[in-house]
Amino acid sequence: MPKTPRHYLDYAASAPLRPEVLDAMLPWLCGPYGDGYGNANSLYREGKAARQALDEARLVLAQAIGATPPEVVFTSGGTESNNALIAGLSAAWRERGGHARQTGRVISSAIEHHAVLEPLKHLKRDGLKVELLRADRQGFVQPEALAAALAAAGAVAGTGALAAAGSGTGAAAWPGAGHSVALVSIMAANNEVGSLQDLSVLAALAHGQGAIFHSDAVQILGKLPFDVQQLNIDAASFSAHKLGGPKGVGAFYLRTGTPFSPQALGGGQEMGRRSGTQNVAGAVGFARALALSLAEQQAQAKRLSDLRDRLAGELLALDAGIELTVDPRAAGFTAETAAASQGVAQGTSQSATPSASPATARGANQAATPNTAPAAAQAPGHQPSYLPNLLSLLIAGHESESLIMALDKAGVAVSSGSACSTGSLDPSHVLTALGVPRRAAEGALRISLGYASTSADIDALVAALKQILRR
Ligand code: PLP
């Protein structure tokens, strides 16, 4: 029997390892391919070769995100990076007496990945207050909501959020026993609907109240420009397998001078921030995948957003009860507008001044308000924008799980916005936080494209869904 051709459309879950990446990794794994299999901390030839490869990989990552090599720490993936930073930054805040005066707070959003939400639950158990900001129906965390939450947490006299933000001094004021907010953590790009947050404005607001700003940047790295200097953020998390690198490899960025209490203790590798023998082949693979992604970033962003928009149009034209969870086409994507929405100017240096006015920043408390604000309510100057490769659908009258199984049978691999736990299908916390009704969220599908996606993949998905929804 001929094999059904496969159409893999779940790059946001994991991208297939790129063949060039595998080639780059082999010499650092075993003898026949090279002699770089040593421990990168050993003093003889095999160790020194491994150390050099690790240093080169670190340099690639650092240059890609606008950091210096010592600010890049290799980990086992996005989950570990998020856990290490959230625990390590808040522990350092406490150790420096941040907790002595009042109950400390951490502010994040309700649409974060579980790799952020779960470590936040731990902080809560340890006595910190955790506040999760709502996102609007289009998937955006409003700067006004953060400003209000920061203000409610207890403004510190003389450190108006926007005053300090505009000074461009970053986290210089942190930490102080008088500051009640230890950390603000808001993701760069949402993994279910693809919304790009206004990071430079959010970070500036956090800094204005003396808080550290962290961002889970797992879904954006390699797909759109992401520069920690231009965004003025203190910490960020990355993962290799979302861009064609190996699974089980990641990294975090930690700005020089940011107080941090390491969580993985042992031999003091990674500048003492993450002990454990380094995965040299993994780091080399991560760097190779990133270099390839960067080289083709603009062309792929355009190609994939064109494919995504065609897919959206054809699915809506089926008139089969398919709705777009958010409409990324409306944002009018170009690599430039997406970069601008992240506060990253391409080729020119970007002003550190946030686009929200002090008046709006001190406005009504939207954190407590239901998520009905339209995307247009975003800070002036912010272009609501989405990842170029992701499309989230709501399919009325169907359950994600059965749709995924039927599509799999037809040769198409996609995922849902839902997490399957103990046999029951819970609607995704992201879609629920966006205000998608439970019934609609139960029929969610996430389509995500990547470097090898083709027109034929889109055609196959449209044809298969047409068949399935007709039954
Ligand atoms: N953060 C986001 C936004 C993600 O999409 C993912 C993976 O799905 C992670 C973190 C976890 O990354 P990893 O699979 O490398 O642990």
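A residue counts as buried when its relative accessible area is under 20%. By that cut-off, 56% of the 471 residues of this protein are buried. The model is predicted, with an average pLDDT of 85 and 80% of the residues scoring at least 70. The chain forms 16 helices and 14 strands.

**Confidence**

- The pLDDT falls below 50 over residues 155-177, a stretch that has 53 contacts in the model beyond near neighbours in sequence.
- Residues 343-381 also have a pLDDT below 50, and this stretch has 85 contacts in the model beyond near neighbours in sequence.

**Overall contacts and surface**

- Among contacts with a separation of 6 or more, 77% are between residues 24 or more positions apart.
- The protein has an accessible surface of about 18,200 Å², and carbon and sulfur atoms account for 55% of it.

**Strand β3 and its partners**

- In strand β3 (residues 105-109), 4 of the 5 residues are buried, so the strand is mostly covered.
- Strand β4 (residues 129-133) runs parallel to β3 and is joined to it by 5 bridges.
- Within this pairing, Ser 108 has Leu 132 of β4 as its bridge partner.

**Strand β2 and its pairing with β8**

- From strand β2 (residues 72-75), Val 72 and Phe 74 point one way, Val 73 and Thr 75 point the other way, and all are buried.
- Strands β2 and β8 run antiparallel and are joined by 4 bridges.
- In β8, Ala 251 stands opposite Phe 74.

**Arg 58, in helix α2**

- Arg 58 belongs to helix α2 (residues 45-65).
- Its relative accessible area is 5%, which is why Arg 58 counts as buried.
- A polar atom of the Arg 58 side chain lies 2.8 Å from the backbone oxygen of Val 72.
- Apart from neighbours within four places in sequence, the contacts of Arg 58 include Val 72, Val 73 and Phe 74.
- Arg 58 is also in contact with Arg 51, Pro 69, Glu 270 and Met 271.

**The loop between β8 and α9**

- Arg 274 sits in the loop between β8 (250-254) and α9 (280-295).
- Arg 274 is buried because its relative accessibility is 17%.
- The side chains of Arg 274 and Glu 80 make a polar contact at 2.7 Å.
- Beyond neighbours within four places in sequence, Arg 274 is in contact with Val 73, Phe 74, Thr 75 and Ser 76, among them residues of β2.
- Glu 80, Ala 264 and Gln 269 are also in contact with Arg 274.
- Glu 270 lies in the loop between β8 and α9 as well.
- The relative accessibility of Glu 270 is 3%, so this residue counts as buried.
- Glu 270 is not a glycine, yet its phi is positive, at about 55°.

**Ser 90, in helix α3**

- Ser 90 is placed in helix α3 (residues 78-95).
- With a relative accessibility of 2%, Ser 90 is buried.
- A polar atom of the Ser 90 side chain lies 3.3 Å from the backbone oxygen of Ala 87.
- Leaving out residues up to four places away in sequence, Ser 90 touches Leu 85, Leu 123 and Leu 128.
- Ser 90 and Leu 123 are 33 residues apart along the chain, and their C-alpha atoms are separated by 8.1 Å.

**Asn 232, in the loop between α8 and β7**

- Asn 232 is found in the loop between α8 (228-231) and β7 (235-239).
- The phi of Asn 232 is near 60°, a positive value in a residue other than glycine.
- Asn 232 has a relative accessible area of 18% and therefore counts as buried.

Terms used:
Residues are numbered from 1 along each chain as its sequence is written. Side-chain values use heavy atoms; hydrogens and water are left out. pLDDT is the predictor's confidence in each residue, from 0 to 100. Contact means heavy atoms within 4.5 Å. Helices (H or I, at least four residues) and strands (E, at least two) are DSSP runs, numbered from the N terminus. Buried means under 20% relative accessible area, exposed over 50%, partly exposed in between (1.4 Å probe, protein chains only). A polar contact is a pair of N or O atoms within 3.5 Å; within protein, one must be able to donate a hydrogen and the other to accept it, and residues adjacent in sequence count only if both atoms are side-chain atoms. Two strands pair if DSSP finds at least two bridges between them. Accessible areas come from the Shrake-Rupley method with a 1.4 Å probe; for residues, only the protein chains shown count as cover.
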